[in-house]
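This report looks at charged side chains that pair with each other. The sequence and structure are shown first.

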Amino acid sequence: MTRTLLVVGPVLGALAALLALAMGPVGVLVGAGLGLVASLLLWRVQSDRVEEVATAVNRWQGKLAHEPLRLRGGQHWERLAQSVNALGAAYARRGERVAREQPRRTQLVDAVTIPAMLFGSDNRLLVANAPADELFGAVTTDGPTAIRAVGSAPLADAIAEARERGERIELDVTHADRELACVAAPVGDEVLLLVVDRTAERRVRTLRRDFVANASHELKTPVAGIRSLAEALVLTSGEDERTARLASQIQGEAERLGNLVRDLLDLSRLEEPHPGDPRPCDLVEIVREVVARRAEVASTAGVTVTVSAPAAATVVGLREDLQRVVANLVDNAIRYNVDDGEVTVQLEPADDAWVLTVADTGVGIPAEALDRVFERFYRVDVARSRETGGTGLGLSIVRNAVRRHGGTIDVDSVVGVGTTFTVRLSADTR
């Protein structure tokens, strides 16, 4: 049909020209009419071809099988049909691949034992496993949006952010009185959300912390009574050396028990979520006070303590906690030193922070024990620690106090050479 029109059109045009020459104005009108008819016929044929292409493309949508399009009417239409068919075949292959992956994707999400949800590129829920349905009450049939599926604006924002940034986002949220640790990770153009319910774990931790605090408070009174009785026995023993020796031992053990109760209370306090009322504190003043109080103990142990610090070093924090940090580090440096040993306490600025280093020339810490020295009740040298009155909680208190202030602590040690603890705390730049 198209080829016929391509031939008829010029013929009609030539005929219209001849009529115009032969018949004058009447011929012009007749020729124009014939040209218009030819144009309308050609437009109609082209329109039908385009409509045929559109109908075929629309028919492909939602179908996995590709039905080839056939167009007649010349080489150009055949080339167009080939290009459209190639596009349709690619679309069909992609649809088949997605159809094959859908059950596998669902199986993978269902295989996860913790709540897991997969969101598509349009931010709608694709798959949710049974634990996620139970936790969020997610409706997977109508593909709800992220905010509807999880019911938490921060969590929905994390899903969107993970997709936009192309990296995993971790956050803790509270949902329906449950404490959730969540990870949103991009998987291609989709986002996988994994959720761990920490509610029971945190309740156990809270109960344990409360138990330690309450037990420690209850122990304070009998421990104080034992110490008082031991002191009274020492004073009233007179010339009875055996009684005096036993009373002195009771007094020493009561002292150790009192130190343990104090450290347990400090640990319990440092684990509280609210740090109190941080205020500007001068680290130099704290260091010099602590070292002055340990002067007699250091002299008795044959250890020299030197301080290198500027005029002032201000940080924002709790003075009591900072004192415990410095005191415990200095006590350990003295306790685990050698005869005629040295302890150097240094404070220096570094990039909007103050760096406190406590270095000793003592026995050192084996490399395999460096990762464990901050654990509760861990002792490198058990006998020496007990002999010198250590509780095994000092470095754990130090680490918790430093973290509570947003700082870091590192340890470097060589056996037989010495140990250096480095604490970094943000400076008060107000």
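Is D331 buried, partly exposed or exposed, and at what relative accessibility? D331 counts as partly exposed, at 21% relative accessibility. The model is a predicted one.

The side chain of D331 meets that of R294 in a salt bridge, 2.8 Å from N to O. This pair links distant parts of the chain: D331 lies in helix α11, while R294 lies in the loop between α9 and α10, 37 residues apart.

Helix α11 (residues 319-335) also contains R319. R319 forms a salt bridge with E289, and their closest N and O atoms are 3.2 Å apart. Here too distant parts of the chain are linked, since E289 belongs to helix α9 (residues 283-293), 30 residues from R319. R319 is partly exposed, with a relative accessible area of 29%. E289 is also partly exposed, at 27%.

A further salt bridge joins the side chains of R372 and E375, at 3.2 Å from N to O. R372 is partly exposed, with 39% relative accessibility, and E375 is partly exposed, with 32%.

| Salt bridge | N to O distance |
|---|---|
| R319 and E289 | 3.2 Å |
| D331 and R294 | 2.8 Å |
| R372 and E375 | 3.2 Å |

How many salt bridges does the count come to? The count comes to 9 salt bridges.

Methods. Residues are numbered from 1 along each chain as its sequence is written. This is a predicted model: local features need pLDDT of at least 70, side-chain atom pairs count only at pLDDT 80 or more; totals for chains, interfaces and linings use all residues. Side-chain values use heavy atoms; hydrogens and water are left out. A salt bridge is a side-chain nitrogen of Lys or Arg within 4 Å of a carboxyl oxygen of Asp or Glu. Helices (H or I, at least four residues) and strands (E, at least two) are DSSP runs, numbered from the N terminus. Buried means under 20% relative accessible area, exposed over 50%, partly exposed in between (1.4 Å probe, protein chains only).
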